[in-house]
Amino acid sequence: MSGGLVNKGDWAASAGTFPGAGAAETGWFDYVSVDSIEFAVGDNLVATTDTALTTGFAGNWSKHDQIPLIVDDIDYDTRADLQTANVAPGINLACIIGYTSVGDGGVASYRRAGSEPSHAGKIQSDDGAWWELTGTSVTPQMFGAVADGSADDTTAIQAAIDYAESLIMNFTKGTTILLPPGGCFLSATLTINSNQITIQDMVKV
């Protein structure tokens, strides 16, 4: 083929053969072992010319690191997993499947932030990068609520409200907090400073 990228599997360049028949074509890429000063063992190489040969590596191949050329997002089981992760620079969206455990209702998407966000909807990964919630609809579980009707979820719901208000201050309209069907227990009064926040469902106190 010409153009694009086609993974042709593993190729030991020193053996002088490619996976399959014929010479490598433009866009072939391989996890390879190369006996050459231009490349190190384990480098990811991409053929830059049609009918690339196993000799003349500098003219026939370009070196690339192991980070995908196009990266969309990466998923983690919990908030703690993202906090302890070293996220590759090319990744700008991270998703968690639960706050403290998978399936606890805390599923959320975070985008890479240039600096520490001023609101509660943030996570810092182990590499020092900051991440902030995306979207204008949130749940208390995204902020750690248990939402079983007996555990005290006051702090988590207030954090969700504060986050929603921060979006309004940044000219984002129509912010919604979605309360879970099972209800949330409150031990204190919540403070809401905006009339542009919609809270759906009934809170059981």
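**Close-up views of a predicted protein chain**

**View 1. Three strands form an open sheet in the order 10-11-12, with parallel pairing.** Strands here are DSSP E runs of at least two residues and helices are H or I runs of at least four, both numbered from the N terminus, and two strands pair if DSSP finds at least two bridges between them. The model is predicted, so local features are given only at pLDDT of at least 70 and side-chain atom pairs only at pLDDT 80 or more, while totals for chains, interfaces and linings use all residues. Residues are numbered from 1 along each chain as its sequence is written, and side-chain values use heavy atoms, with hydrogens and water left out. The edges of the sheet are strand 10 (137-138) and strand 12 (197-200), each of which pairs on one side only.

View 2. Strand 10 is joined to strand 11 (residues 175-178) by two bridges, and S137 has T176 as its bridge partner in strand 11. Between strand 11 and strand 12, which also run parallel, there are four bridges, and I177 stands opposite I199 in strand 12.

**View 3. Helix 3 (residues 154-169) packs on the sheet.** The helix touches strand 10, strand 11 and strand 12, where contact means heavy atoms within 4.5 Å. The direction of helix 3 makes about 165° with that of strand 11, an angle taken on a scale from 0 to 180 degrees between N-to-C directions, with axes fitted to C-alpha atoms and, for helices, over the stretch in contact.

**View 4. The largest nonpolar core has 32 residues.** Such a core is a set of buried Ala, Val, Leu, Ile, Met, Phe, Trp, Tyr and Cys residues joined through side-chain atoms within 4.5 Å; buried means under 20% relative accessible area, exposed over 50%, and partly exposed in between, with a 1.4 Å probe and protein chains only. The residues with the most contacts inside the core are L82, W131, L133, V138, F143 and I177. Strand 6 (93-98), strand 7 (108-113), strand 9 (130-133) and helix 3 each supply at least two of its residues, and helix 3 gives the most, with nine.

**View 5. One aromatic pair is found in a search of the whole structure.** The ring centres of F143 and Y163 lie 5.8 Å apart and the planes stand at 50°, so the pair is tilted; rings of Phe, Tyr and Trp (its six-membered ring) pair if their centres lie within 6.5 Å, and planes under 30 degrees apart count as stacked, over 60 as edge-to-face and the rest as tilted. Because F143 lies in the loop between strand 10 and helix 3 and Y163 in helix 3, the pair ties together parts that are 20 residues apart in sequence. F143 is buried at a relative accessible area of 10%, and Y163 is buried at 1%.

**View 6. S101 sits in the loop between strand 6 and strand 7.** With 35% relative accessibility, S101 counts as partly exposed. S101 and A80 are 21 residues apart in sequence, and their C-alpha atoms are 9.3 Å apart in space.
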